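This report describes the backbone, the symmetry, the domains and the core of one structure. Please consult the sequence and the coordinates alongside the text.

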Number of protein chains: 2
Amino acid sequence: MKPQHQYRYQDINPIINPKSVAIIGASDKPEKVGHVILKNYVDVGFQGQLYPVNINTEPNGKIMGHTAYRSILDIKKPIDLAVIAIPAELVPKALEECGKAKVSGVVIVSGGFAEVGNQKLEDRIAEISRKYRMPFIGPNCLGVMDPRSRNDTLFLPTSKIDRPKIGGVSFVSQSGSVGSSTLDLISGEGFGLAHFISYGNATVVDEVDILNYLADDPETKVIVYYLEGVKRGKEFMEVAKRTGNKKPVVIIKGGRSPAGVSAAHSHTASLAGSAEAYEAVFRQSGFIVAEELDDLLYFAKIFETQPLTTGNHIAVMTNGGGHGVLATDALYLTGLQFPKLEPSTEKALRKAMPPIVNIAMPLDIGGEADAQRYINALEILAKDPNVDAFLIIALFQTPGADEKLANTIAQFASNSKKPVVVVSTGSTYTRSHTALMEAAGVPVYDDPVAAARSLAALIKYSKFRNKMIV
Amino acid sequence: MKPQHQYRYQDINPIINPKSVAIIGASDKPEKVGHVILKNYVDVGFQGQLYPVNINTEPNGKIMGHTAYRSILDIKKPIDLAVIAIPAELVPKALEECGKAKVSGVVIVSGGFAEVGNQKLEDRIAEISRKYRMPFIGPNCLGVMDPRSRNDTLFLPTSKIDRPKIGGVSFVSQSGSVGSSTLDLISGEGFGLAHFISYGNATVVDEVDILNYLADDPETKVIVYYLEGVKRGKEFMEVAKRTGNKKPVVIIKGGRSPAGVSAAHSHTASLAGSAEAYEAVFRQSGFIVAEELDDLLYFAKIFETQPLTTGNHIAVMTNGGGHGVLATDALYLTGLQFPKLEPSTEKALRKAMPPIVNIAMPLDIGGEADAQRYINALEILAKDPNVDAFLIIALFQTPGADEKLANTIAQFASNSKKPVVVVSTGSTYTRSHTALMEAAGVPVYDDPVAAARSLAALIKYSKFRNKMIV
């Protein structure tokens with residue numbers, strides 16, 4: 001294996017944020033992958049230039065209404081990104097032409113390379129890439145999706161997969177299926193996407209290049225990663241450390257059990273290595289490890305919206321006693337705890353709350369509590385220096401909980417310098433109110449345990465960052 | 001404390017499945033709890049007789065169009081259930097009148113008893129209940145909800161909380177807030193409800209009576225329980241054991257950490273006791289312990305729909321490689337494993353699958369797999385005696401996955417004598433297809449980890465039952 005070129009931010013950026021895209025294999029035939037890709041670019045409203053390329057194009061031919069070309073060499077205009085979606089054996093010639101046309105970068109979605117035993121063909125395209133110093137993502141991948149520039153190489157119709165809104169979370173997946181299905185899940189969540197990258201065989205651009213890019217990317221506030229294994233261990237350790245010191249990385253590792261390692265190997269031919277070795281790298285880099293897909297989303301939204309804090313004293317307020325108990329268990333079992341309130345805080349709460357409210361943690365303000373009672377208590381607690389963060393339980397089944405309460409909590413959270421998470425469990429009525437809070441940047445959870453685990457992740461990473469900076 | 005009467009199935013049943021209900025405190029004033037309760041009975045379409053009772057009723061007065069009564073003694077007809085929703089200090093007199101009117105059972109929703117320090121008032125109502133051998137649920141509770149008889153004492157308007165469909169899961173909650181919000185969540189899930197019981201202070205009818213009732217109840221296939229603590233330890237141990245040997249009980253315990261125990265004590269005045277003591281009772285009774293609310297729902301749906309099995313060899317089939325890896329990790333980390341397939345199975349799969357499919361576990365049948373390829377593989381695997389259960393991953397973002405696939409899996413699962421769970425991760429398009437499978441009685445999960453954990457719970461309980469029977 002020849003030494004790999006290390007790609008910089010500016011080398012990768014044309015693939016992620018291109019101003020012009022050639023789609024090699026574009027077609028009017030709906031069953032072709034190249035058709036779905038071109039249609040998606042049109043459907044999601046890509047802002048730049050689109051050039052369909054198909055070897056069977058007639059002179060003056062058009063594909064989906066766009067002037068089409070027989071070869072990328074015929075375009076004669078600067079091209080940032082070429083997307084290749086043609087049979088594997090035709091890829092080397094097309095890639096060679098991309099090099100000659102001085103394309104900045106390429107996404108090869110076609111499969112049929114090392115993943116089916118065709119290592120020779122994969123070596124050949126790697127060589128062409130090196131010759132022209134032209135990086136490519138893939139082959140055998142979904143490629144990239146970017147809600148800002150609307151660059152979208154996914155060969156999945158918009159009818160089958162929802163596209164997330166714009167935000168600060170970049171999601172990287174070594175697996176296309178985990179990538180596309182989790183992307184679809186994310187679209188239903190209260191946070192937005194910076195970039196999505198699914199890089200398949202990682203022949204040229206690999207996890208090292210991608211982490212390096214996202215570490216420097218100003219749009220990326222949080223990185224969420226599904227990883228099966230890395231090929232360049234030493235370089236990965238370096239870039240992981242650099243990235244973890246700049247922004248939170250939430251990672252889920254495929255291949256943590258021996259059987260899973262073997263499944264991962266046959267899936268992406270990754271050197272999955274020992275689970276312990278990976279865990280050590282993640283720990284040293286301050287990566288937050290998720291055990292399940294749900295946690296990827298839970299952690300992503302707290303990191304995207306909430307400030308860091310190293311304090312682990314969480315004020316819990318609730319309009320339901322049982323939820324207060326569950327939240328208490330969840331906090332203490334994840335290593336967090338209640339603040340010891342200042343006497344002045346207790347006195348002010350005693351005065352502001354009805355006599356029936358027991359002034360203690362968790363603060364159960366009663367099933368009849370309304371927006372006014374919530375904000376009265378929150379404003380008092382916010383002044384207490386012993387409170388590091390808030391876990392607010394707002395159950396919308398209760399009579400006093402309404403749109404005003406959702407707005408009140410959203411406003412309190414927006415102004416708070418301390419992290420705030422909300423727990424609201426329920427269906428139709430509740431969800432219309434949690435959507436309102438999430439749109440305002442408040443992370444809302446169904447379950448007190450998920451909320452506590454997310455707070456614990458935030459605090460763990462805050463401590464890591466704090467230690468590094470000092 | 002006087003020895004408590006042990007209520008039998010037939011003592012409790014009139015409270016759960018009444019043919020006639022008197023609502024004491026019914027009112028035309030929308031802000032009254034008694035108004036909301038009466039309105040809910042009307043809105044959900046209660047099948048039996050309804051008698052509003054309000055001390056301020058004029059002669060020939062009506063409430064919400066129903067003939068109203070000043071006292072329950074004026075009704076002069078057999079009454080199965082009286083729901084009491086009046087100020088605490090008026091409850092003893094009303095309860096005394098219920099006894100005189102030979103009411104079978106009572107739900108006291110009113111608060112203001114032991115939970116606010118008014119132990120004397122609570123002792124008084126307990127005494128009246130004993131005098132007339134008339135059990136009551138409450139006080140300080142939501143009471144009962146039954147989608148079959150449409151008995152519904154919840155003082156929560158249907159606009160704020162969705163009502164679940166009819167099914168085999170009975171949900172018991174010591175906490176009103178956990179009860180109502182989780183009930184609301186359940187309504188969005190793919191399983192139905194037998195009974196909901198929220199019993200508040202448990203003054204007369206307590207966890208022992210309720211478990212005893214549900215153990216004998218033919219409509220209850222699965223019991224889901226939020227418990228903070230029990231007052232009668234010895235009796236609870238006995239009834240727990242009897243219940244666990246008849247049907248699966250999924251339990252979440254509030255008060256597992258020392259701080260949680262203290263929060264639970266101030267919430268329901270329960271003797272929460274040591275977490276270890278409870279765990280021992282649960283283990284001896286074969287109860288499945290859930291750590292979070294989500295798991296309550298995940299486990300409920302597998303127990304409601306799938307047969308028991310003691311074998312832990314799970315066949316995994318997928319149209320996405322990464323999901324196969326995650327499912328493998330999840331199985332092995334929860335103590336499950338792959339089957340060793342018979343040579344004849346491997347041979348048949350080799351013949352039925354395209355050459356690119358690697359005949360191994362997890363069986364990755366390819367991103368382009370359609371319903372036909374799924375059923376071909378499933379029918380072969382179903383014949384293998386080494387396969388104990390199925391974990392089918394069907395990602396609907398892929399081109400071959402459509403309504404036909406959902407129907408095919410639903411039909412396979414319905415005919416299968418071995419448990420089947422499905423994993424489908426996604427949003428709009430995916431959810432319309434998971435709804436289809438869930439309506440056919442297939443438990444579907446977003447996350448391979450949740451699916452594996454649910455299978456592990458099913459197998460754990462199956463082993464417990466198997467050991468007991470042998």
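Helices (H or I, at least four residues) and strands (E, at least two) are DSSP runs, numbered from the N terminus. The model discussed here is predicted.

## Residues with positive phi

Most residues other than glycine have a negative phi, and most peptide bonds are trans. Met64(A) has a positive phi, near 50 degrees, and is not a glycine. Met64(A) sits in the loop between strand E3 (62–63) and strand E4 (66–67) of chain A. With 15 other C-beta atoms within 10 Å, Met64(A) is partly exposed.

Arg133(A), likewise not a glycine, has a positive phi of about 50 degrees. The loop between helix H4 (119–132) and E7 of chain A holds Arg133(A). Is Arg133(A) buried or exposed? Arg133(A) has 10 other C-beta atoms within 10 Å, and a residue counts as exposed if that number is 12 or fewer; Arg133(A) is therefore exposed.

## Cis peptide bonds

In chain A, the peptide bond from Gly138(A) to Pro139(A) is cis, and its omega is near -5 degrees. Pro139(A) belongs to the loop between strand E7 (136–137) and strand E8 (143–146) of chain A.

In chain B, Gly138(B) and Pro139(B) are joined by a cis peptide bond with omega about -5 degrees. Pro139(B) is placed in the loop between strand E7 (136–137) and strand E8 (143–146) of chain B.

## Relation of the two chains

Two copies of a chain are related by a rotation about an axis and a shift along it. Here chain B is superposed on chain A by a rotation of 180 degrees with 0.0 Å of shift along the axis, and the RMSD is 0.0 Å. That is the relation of a two-fold axis. The same surface serves both copies, as 98% of the contact residues of chain B recur in chain A.

Which residue of chain B comes closest to the rotation axis? It is Asp294(B), whose C-alpha lies at 5.5 Å from the axis.

## Domains of chain A

Chain A comprises domain 1 (9–303) and domain 2 (307–469). Taken over C-alpha atoms, the centres of domain 1 of chain A and domain 2 of chain A are separated by 39 Å. Their contact draws 11 residues from domain 1 of chain A and 15 residues from domain 2 of chain A.

On the side of domain 1 of chain A that touches domain 2 of chain A, helix H10 (residues 293–305) of chain A gives the most, with 6 residues. The residues of that side of domain 1 of chain A are 6 nonpolar, 3 polar and 2 charged.

## Helix H10 of chain B

The buried residues of H10(B) include Leu293(B), Leu296(B), Tyr298(B), Phe299(B) and Phe303(B). Among them are also Asp295(B), Lys301(B) and Glu304(B).

## Nonpolar core

The largest nonpolar core has 312 residues, of which Ile84(A), Ile84(B), Val250(B) and Leu391(B) touch the most other members. Leaving out residues up to four places away in sequence, Ile84(B) touches residues including Ile24(B), Val91(B), Leu95(B), Val106(B) and Ile108(B).

Note on methods: Residues are numbered from 1 along each chain as its sequence is written. Chains are lettered from A and ligands numbered from 1 in the order in which they are written. This is a predicted model: local features need pLDDT of at least 70, side-chain atom pairs count only at pLDDT 80 or more; totals for chains, interfaces and linings use all residues. A residue is buried if 20 or more other C-beta atoms lie within 10 Å of its own, exposed if 12 or fewer, and partly exposed in between; C-beta atoms are placed from the backbone. Copies are superposed by least squares on the C-alpha atoms of residues with pLDDT of at least 70 in both. Two residues are in contact if their C-beta atoms, placed from the backbone, lie within 7 Å. Domain bounds come from an automatic or database domain assignment. Ala, Val, Leu, Ile, Met, Phe, Trp, Tyr, Cys and Pro count as nonpolar, Asp, Glu, Lys and Arg as charged, and the others, Gly among them, as polar. A nonpolar core is a set of buried Ala, Val, Leu, Ile, Met, Phe, Trp, Tyr and Cys residues joined through C-beta atoms within 7 Å.
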